[in-house]
Amino acid sequence: MLSLMNLAGGYGLGNVIDGITLQVRPGETLAVLGRNGSGKSTMIKAVMGLLPSADGAVTLDDTALLGLPTHRIARLGVAYVPQGRGIFPRLTVLENLQIGARAGGPARDIPDDVIALFPILKQRYGQFGGTMSGGEQQMLALARALCSRPRFLLMDEPSDGVQPSIVQTIGALIPEIARTRHLGVILVEQNLDLALAAADRVAILDKGRVAHECAPDEFRDPAIQSRFLAV
């Protein structure tokens with residue numbers, strides 16, 4: 001289980017997140033929603049060791065993650081797909097995937113079952129990542145993360161800048177890989193259709209705190225959406 005307990009932190013000018021407590025289990029997809037500036041992206045950056053300052057606790061089973069370097073967190077089984085995808089544009093598709101595989105440990109090959117999820121990537125092995133479309137780059141970023149064979153996957157706005165057909169593909173793929181790979185997923189997303197289709201559970205952040213947790217069907221209620229998402 002990946003657990004966040006009273007997680008707080010920011011970028012040096014005060015906390016952006018303040019006392020977040022959440023858990024995600026293997027095989028479960030937790031969608032994290034909230035208004036812009038509510039702390040969603042900051043939260044997963046804190047989990048990955050990417051914040052200048054963070055307090056509280058983040059544990060993977062009995063292993064404390066807070067304070068560890070990012071590469072060590074990845075080696076322990078937590079993968080991250082950042083907003084904007086974060087691929088290496090001047091490396092080929094194959095080289096991007098090889099970097100993802102090495103994040104999980106030395107001498108790791110690209111898993112065949114990952115490539116089977118994204119057959120277009122094998123056709124593009126020699127293509128530079130920066131020449132791909134936004135949707136293709138998002139598939140590459142997700143495949144690269146899965147190449148490390150993680151136990152938990154953190155995704156930040158996978159629909160951002162992606163054409164609707166690819167958004168639908170990603171929305172169907174997230175719960176599938178969570179179930180079949182027994183992979184816990186934290187999905188930060190503004191696209192409600194994607195988030196609610198993929199999620200087993202929903203958590204809403206407001207001003208850096210967890211304001212509400214519910215099932216996806218409950219959050220389809222316009223009154224609930226207005227309460228927590230209206231500007």
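Helices here are DSSP runs of H or I with at least four residues, strands are E runs of at least two, and both are numbered from the N terminus. This is a predicted model, where local features need pLDDT of at least 70, side-chain atom pairs count only at pLDDT 80 or more, and totals for chains, interfaces and linings use all residues. Residues are numbered from 1 along each chain as its sequence is written, and side-chain values use heavy atoms, with hydrogens and water left out.

**View 1. Helix α3 and what follows.** Just past α3, glycine 105 has a positive phi of about 150°. Within α3 (residues 93-103), the buried residues are Val93, Asn96, Leu97, Gly100 and Ala101. "Buried" means under 20% relative accessible area, with exposed over 50% and partly exposed in between (1.4 Å probe, protein chains only). Look down the axis of α3 and these buried residues fall within an arc of 140°, so they line one face of the helix; the arc is taken from the directions from the helix axis to the C-beta atoms. Their cover includes α4 (112-117), α5 (119-123) and α6 (134-146).

**View 2. Threonine 29.** Threonine 29 sits in strand β3 (residues 29-34). It counts as buried because its relative accessibility is 0%. Beyond neighbours within four places in sequence, its contacts (heavy atoms within 4.5 Å) include Ile174, Val185 and Asp200.
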